[in-house]
Amino acid sequence: MGHASGPTASALRALSMEFKSLQEEPVEGFVVKLADEDNLFEWEVAIFGPPSTLYEGGYFKACMKFPSDYPYSPPSLKFLTKVWHPNVYESGDLCISILHPPIDDPHSGELPCERWNPTQNVRTILLSVISLLNEPNTFSPANVDASVMYRRWKDTLGKDKEYENIIRKQVAASRFEAEKDNIVVPTTIEEYCIKHKSRPQELDTDLGDFYDDDYGDDDPDEGDDDEFNDNEDSGNGM
């Protein structure tokens, strides 16, 4: 790899710095490792379902592939675990604005500013993916059936349980995979929000704030349904 030149050399540098930073300062909600120690352009990702959502306790594996001119072009993300979701294709490929190149495409319903730019990184991508799990974008779905089912679940305030039941089944199935991989999936907010002794204190509080902003801090005893029904227009921005 020493002979790499041009954009590939800068991509290697960017990826190696990001990987190192995510090992030293993990972010709540996911863990990353290299598929092959000698290849920085392919990462294995495990995403944990956020507590107090349908995905609580879930363990979703994905593969991220980076282009040779990263960070000027976005990586791709493909779920290896079965994920029934409006923005995930049958193949497992994820469709999310942040991974689309910033071209002006009036048909997509996306603004160029919602798309990829070189200031994004693995951290911002994966945090966007986690909030997308919880708040699908039904504007131009990758899985139309899942989208229709999600809208029905939302419109009936959780009384139509078809969507919910599928997600819960997939979460339950993913737990076996987690056991096989010796991974303990966090199921409480305390476990989910990682605290690191080596980190400056103010960073920890920022992570807590991120979590509260994204998922609201409803009374955990109120059940899953209430949390999703407060803001009707859930799809925008992704």
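The structure is a predicted model, in which local features need pLDDT of at least 70 and side-chain atom pairs count only at pLDDT 80 or more, while totals for chains, interfaces and linings use all residues. Residues are numbered from 1 along each chain as its sequence is written, and side-chain values use heavy atoms, with hydrogens and water left out.

Side chains of opposite charge can pair when their charged atoms come close. Here a salt bridge is a side-chain nitrogen of Lys or Arg within 4 Å of a carboxyl oxygen of Asp or Glu; by this rule there are eleven salt bridges.

One of them joins lysine 33 to glutamate 44, with 3.6 Å between the closest N and O atoms. This pair links distant parts of the chain, since lysine 33 belongs to strand β1 (residues 30-36) and glutamate 44, eleven residues away, to strand β2 (residues 39-48). Helices (H or I, at least four residues) and strands (E, at least two) are DSSP runs, numbered from the N terminus. Glutamate 44 has a relative accessibility of 31% and counts as partly exposed, a class lying between buried (under 20% relative accessible area) and exposed (over 50%), with a 1.4 Å probe and protein chains only.

Within helix α3 (residues 144-155), aspartate 155 and arginine 151 are four residues apart, which means a separation of about one helical turn. Their side chains form a salt bridge at 3.7 Å, N to O. Arginine 151 is partly exposed at 23%.

Glutamate 162 pairs with arginine 152, the closest N and O atoms being 2.4 Å apart.
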